[in-house]
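Subject: Structure handover and notes

Hello,

Here is the structure we discussed, with its sequence. Please open it alongside this email.

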Amino acid sequence: MTVPTYGKLALQGNRWVLSDIPPHVAIRLKSMFARIPKTTTGKFDLPFTDEMCADLQWFESRYRLTMSDKDRAALERGTKLFEADRIASEAILLPDWQPSTTHGFRPGFAPYHHQKQASALLHKKKGLLLGDVMGQGKTWSALDAIIGSPYLPAAVVAKTHLPTQWVEEFIKPFTYLSAHIIKSTTPYRLPPANVYLFKYSNIAGWVDYFGTGFFKAAIFDEAHELRNGIHTSKGKAAAVLADNAAIRLSMTGTPIFNYGSEIFNIMRFVNPDILGTWEEFVIEWCRMGTGGKWLVKDPEALGTYLRSAQVFLRRLRQGRPINKIVVDVDYDEDIAAKSEDLARTLAIKATTGSFVERGQAVRELDAMARQVTGLAKAKSVAAYVRMLMKAGRPVLLFGWHRSVYEVWLKELAEFKPVMFTGSESTKQKERSKQAFINGDTDLMIMSLRSGDGTDGLQKRCSTVVIGEMDWSPAVLSQGIGRVDRPGQPQDVIDVIYLIANSGSDPVLVQVNAIKSDQARGVIDPGLGVQPALVDESRLKALAEHYLQKLGTGA
């Protein structure tokens with residue numbers, strides 16, 4: 001009996017092409033392969049990957065397709081490779097998996113089991129997004145992946161203040177690897193080393209060097225720096241580095257800062273094929289949100305897909321709770337009123353001006369509103385921090401605007417605060433960090449976007465104050481992660497959000513809720529909204545202690 005067929009399947013270059021598909025089967029095809037636009041007719045093409053081979057073979061088992069013997073062999077080979085890879089990768093993540101011995105760490109030091117699982121999975125998949133929450137030891141996993149491996153020399157790309165931390169706090173004390181920190185945006189003759197540490201700010205100048213394939217491993221620390229993809233100079237350079245390396249590791253506990261579609265850009269440097277082209281990704285996973293932003297339709301589905309493909313590995317924190325308290329603070333209307341005329345002009349231009357004028361006006365209005373809000377509550381924030389410090393608490397205070405810092409510095413001068421912001425050099429930041437850790441001061445003012453990856457503050461501090469808000473909840477999470485790390489001696493970490501009921505704060509809080517839902521679904525599917533510890537009695541006790549010191553009754 002002749003088996004009916006429902007069209008043709010042919011391998012053309014790196015794409016599978018389906019043709020002569022009957023309409024009713026085409027509907028099923030587009031339903032299963034959501035990356036195919038619903039309006040496509042005639043021919044349909046899909047990427048030639050092992051995973052796609054497995055999916056197409058499953059589809060072809062229901063709707064028989066005509067293909068050449070050579071193409072059928074390629075389809076079956078890809079399917080077998082996919083199944084074998086899946087089984088081997090899943091075995092690495094089992095609790096009873098036994099890692100091989102790693103040579104290259106100094107005596108008495110070795111990665112934990114979960115860190116070795118990450119490095120083994122990277123070796124297997126060749127590309128991995130390691131999304132472990134802060135403090136789980138992502139740096140150890142990265143070092144384990146390259147020590148004693150064929151993936152040397154390795155290139156590590158980090159934020160400006162972190163290469164020295166990599167060398168002085170990890171590579172030198174724990175390994176026999178040699179390291180060199182890149183000192184210029186212009187290529188020069190590199191000294192012999194196993195690990196070369198770049199900054200995101202200088203990799204653009206090394207793009208031609210990256211293209212030679214000299215670096216066998218590409219490691220992107222705090223990889224959310226690449227969330228804008230190849231649309232920036234550092235993104236273009238990172239893509240060349242990743243594409244010419246044998247293994248690619250991106251590390252960040254906060255891969256999504258804003259909307260879920262950012263994960264496409266992050267995965268570009270891990271596995272360019274996993275989400276297809278941007279057009280395919282948008283069709284399959286996204287919907288248009290307000291303001292032209294692409295939102296992920298089903299964040300949890302995307303999150304489980306990336307996990308099942310074993311290209312995204314994330315382990316959550318265990319242990320101490322975080323006590324999150326939102327405190328309403330006073331808003332100085334007189335300060336805000338001084339900016340009303342300019343704000344009114346910008347608002348009118350943002351709604352009635354030309355396209356270019358509207359965009360510029362919106363950006364200026366946003367920047368001005370946030371700065372005015374920060375200034376209008378700056379003295380109230382300082383007063384609250386003073387209470388905490390008078391009660392004996394070392395405080396990590398987060399803000400954003402230089403003018404707000406100046407108010408804080410003046411109001412809190414008695415505590416000799418140190419600064420860790422975008423205005424300080426790497427050496428100045430390191431001095432501030434050490435002064436805080438050593439107890440020379442009890443107050444560090446840190447920029448919301450300057451502290452990523454900074455380690456050691458947890459030894460001294462368990463109280464974080466958010467003095468200014470940010471558009472991204474991931475930025476706030478990064479800040480909390482400076483003290484929520486191994487080595488934190490306190491049982492509970494207090495995170496205090498000082499929020500004004502006027503200005504930009506209410507809008508920022510609302511937008512953060514939307515972005516948090518997007519991020520949570522993609523990076524922690526199935527977790528849902530977690531109950532937060534809200535223990536205001538701890539802060540009331542501090543307030544009472546402060547009042548007693550002043551000789552005032554509560």
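This is a predicted model: local features need pLDDT of at least 70, side-chain atom pairs count only at pLDDT 80 or more; totals for chains, interfaces and linings use all residues.

Residues are numbered from 1 along each chain as its sequence is written, and side-chain values use heavy atoms, with hydrogens and water left out.

Overall make-up

The protein has 20 helices and 18 strands. Helices (H or I, at least four residues) and strands (E, at least two) are DSSP runs, numbered from the N terminus. Of its 554 residues, 52% count as buried; buried means under 20% relative accessible area, exposed over 50%, and partly exposed in between (1.4 Å probe, protein chains only). Taking contacts between residues at least 6 apart in sequence, 72% join residues at least 24 apart, where contact means heavy atoms within 4.5 Å.

Strands S1 (residues 8–12) and S2 pair in the antiparallel sense over five bridges; two strands pair if DSSP finds at least two bridges between them. Alanine 10 has valine 17 in S2 as its bridge partner. The hairpin of S1 and S2 has two residues between the strands, and glycine 13 takes a positive phi near 65° there. S2 (residues 15–19) is mostly covered, with four of its five residues buried.

S2 also pairs with strand S3 (residues 44–47), in the antiparallel sense and over four bridges. Here the bridge partner of tryptophan 16 is leucine 46 in S3.

Aspartate 45 is found in S3. Is aspartate 45 buried or partly exposed? Aspartate 45 is partly exposed, because its relative accessible area is 36%. Leaving aside neighbours within four places in sequence, aspartate 45 is in contact with Arg15, Trp16 and Val17. Aspartate 45 and arginine 15 are 30 residues apart in sequence, and 6.2 Å apart in space, C-alpha to C-alpha.

The seven-stranded sheet

Seven strands form an open sheet with parallel pairing, in the order S6-S7-S5-S8-S9-S4-S12. Its edge strands, each pairing on one side only, are S6 (179–181) and S12 (312–313). Within this sheet, S5 (residues 154–158) and S7 (residues 195–199) run parallel and are joined by five bridges. Alanine 154 has valine 195 in S7 as its bridge partner.

Helix H8 (residues 233–243) packs on the sheet and touches S5, S8 (217–221) and S9, with its direction at about 140° to that of S8. Axes are lines fitted to C-alpha atoms, for helices over the stretch in contact, and angles run from 0 to 180 degrees between N-to-C directions. Helix H4 (residues 113–125) lies across S4 (127–130), S9 (247–251) and S12, running at about 150° to S4.

Asparagine 265 is found in helix H9 (residues 262–268). Asparagine 265 counts as buried because its relative accessible area is 15%. Not counting residues up to four places away in sequence, asparagine 265 touches Leu226, Arg227, Asn228 and Gly229.

The six-stranded sheet

A further open sheet has six strands in the order S13-S18-S17-S14-S16-S15, with parallel pairing. S13 (322–328) and S15 (418–420) are the edge strands, each pairing on one side only. The twist averages 20° from one strand to the next.

S15 and S16 (residues 443–447) pair in the parallel sense over three bridges, and valine 418 stands opposite methionine 444 in S16. Helix H18 (residues 473–480) packs on the sheet, touching S13, S14, S17 (463–466) and S18 (493–499), and its direction makes about 140° with that of S18. Helix H16 (residues 402–411) lies across S14 (395–399), S15 and S16, running at about 175° to S16.

The cavity

The structure holds one cavity of 30 Å³ or more. On a 1 Å grid over the protein atoms alone, a cavity is a set of points where a 1.4 Å probe fits but cannot get out, and lining residues have an atom within 4 Å of a point. About 40 Å³ of space lies in the largest cavity; grid points are joined across faces, edges and corners, and a volume is the space filled by probe spheres set on the points.

The lining of the largest cavity consists of Arg370, Thr373, Gly374, Lys377, Glu468, Met469, Ser504, Asp505 and Leu508. Helices H14 (355–376) and H19 (505–523) each supply at least two residues of this lining, and H14 gives the most, with three.

Regards

Technical notes
On a 1 Å grid over the protein atoms alone, a cavity is a set of points where a 1.4 Å probe fits but cannot get out, and a pocket is an open set with protein on both sides within 12 Å along at least five of seven lines; lining residues have an atom within 4 Å of a point.
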